[in-house]
Amino acid sequence: MEYDYEYFKKAIYDMTKIDLNAYKEKQMKRRIDTLIGKHRVKGYDNYVKLLKSDKERFEEFVNYLTINVSEFYRNPSQWELMDKEIIPELIGKFGKNLKIWSAACSTGDEPYSLVMALSRHIPLNQIKIFATDLDKQVIAAAKAGLYSEKSIASVPADLKQKYFTKVGPSYQISKEIMARVEFKEHNLLKDTYPTNYHMIVCRNVLIYFTEEAKDEVFAKFQKSLARGGILFIGSTEQIINYKDIHLERKNSFYYENIE
């Protein structure tokens, strides 16, 4: 069975360029076994055959593999800090044409939250967020811009009223917010990173990675930041070796590039 899973990891890498070795094995295996069981397929080799022959199952697998738990203004106190301290500080250093990357952006909740947060300080037509994820299905969902009531629960009341329209049980985010975000597919473990960014936001994604993969990604983020740029991570994460990669801890979840 172990050999079987080794074969599976290689087959998945060949098909998707997603390296399952970078994820915590027990956790990831459990998720994959659940999905295989759902389709009543016997063994990893037969599941690979199914993925190769059925486009819908293949896209379902990639979507399931990438952890897509997201919401607007997740951990509101951290966004309050961004509003009161981080954004004004970045504008003071770099001006109002800020380069911001929302990495592993999932269904768009985070990049759209960034646009709204920035709109309190910068005219909307000056805001541009680069948002990436390796899952084309969640990017498609982000571009549709339709969210549940639960997903937008933490959005400040004035912004909710200004930028969301109720459509049946769901909420449509306004086109003017959507227009400020450019989405692109990107694999954090494989693809080249963009450079000279003033802020990078990547939250609650790397907890699923191995320690080695995390270290690699954090080091790459540091190189992607301009000097004085800020990395904003999730409340479930921490960068143990931040001093070694030339980051300075501003508080629990914000780190500044000092190199």
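**Questions on a predicted model**

Trainee: Which residues of α6 are buried?
Mentor: Start with the term: buried means under 20% relative accessible area, exposed over 50%, and partly exposed in between (1.4 Å probe, protein chains only). The buried residues of α6 are Asp-109, Glu-110, Pro-111, Tyr-112, Ser-113, Leu-114, Val-115, Met-116, Ala-117, Leu-118 and Ser-119.

Trainee: At what pLDDT do side-chain atom pairs count?
Mentor: Residues are numbered from 1 along each chain as its sequence is written, and side-chain values use heavy atoms, leaving out hydrogens and water. This is a predicted model: totals for chains, interfaces and linings use all residues, local features need pLDDT of at least 70, and side-chain atom pairs count only at pLDDT 80 or more.

Trainee: How many helices and strands does the chain have?
Mentor: Both are DSSP runs numbered from the N terminus (helices H or I, at least four residues; strands E, at least two). The chain comes to 10 helices and 10 strands.

Trainee: What share of the chain is buried?
Mentor: Helix α6 (residues 109-119) has 11 of its 11 residues buried, so the rest of the structure largely encloses it. Over the chain's 259 residues, the buried share is 50%.

Trainee: Among contacts between residues at least 6 apart in sequence, what share joins residues at least 24 apart?
Mentor: Contact means heavy atoms within 4.5 Å. The C-alpha atoms fill a box of roughly 55 × 50 × 25 Å along the principal axes. Of the contacts you ask about, those joining residues at least 24 apart make up 74%.

Trainee: What is the volume of the largest cavity?
Mentor: A cavity is a set of points on a 1 Å grid over the protein atoms alone, where a 1.4 Å probe fits but cannot get out; lining residues have an atom within 4 Å of a point. There is 1 cavity of 30 Å³ or more. Its lining includes Lys-96, Leu-118 (also in the α6 list) and Ile-129. Volume is the space filled by probe spheres set on the points, which are joined across faces, edges and corners, and for the largest cavity it is about 30 Å³.

Trainee: Which element gives the most residues to the lining of the second largest pocket?
Mentor: A pocket is an open set of points with protein on both sides within 12 Å along at least five of seven lines. This one has a volume of about 250 Å³. Of its 16 lining residues, the closest to the centre are Thr-16, Val-62, Leu-134, Lys-136 and Glu-185. α1 (2-16), α4 (55-65) and α7 (136-144) each give two or more, and the most, 3 residues, come from α4.

Trainee: Which side chain makes a 2.8 Å polar contact with that of Gln-222?
Mentor: Gln-222 lies in helix α10 (residues 211-224) and counts as buried, because its relative accessibility is 3%. Beyond four places in sequence, it touches Ile-245, His-246, Leu-247, Asn-257 and Glu-259. A polar contact is a pair of N or O atoms within 3.5 Å; within protein, one must be able to donate a hydrogen and the other to accept it, and sequence-adjacent residues count only if both atoms are side-chain atoms. The partner at 2.8 Å is Asn-257.

Trainee: How far apart are the C-alpha atoms of Asn-251 and Gln-78?
Mentor: Asn-251 sits in the loop between β9 (247-249) and β10 (254-257), and is partly exposed at 24% relative accessibility. Its side chain reaches the backbone nitrogen of Phe-253 at 2.8 Å and that of Tyr-254 at 3.2 Å. Beyond four places in sequence, Asn-251 contacts Gln-78 and Leu-81. Asn-251 and Gln-78 are 173 residues apart along the chain, yet their C-alpha atoms are separated by 9.8 Å.
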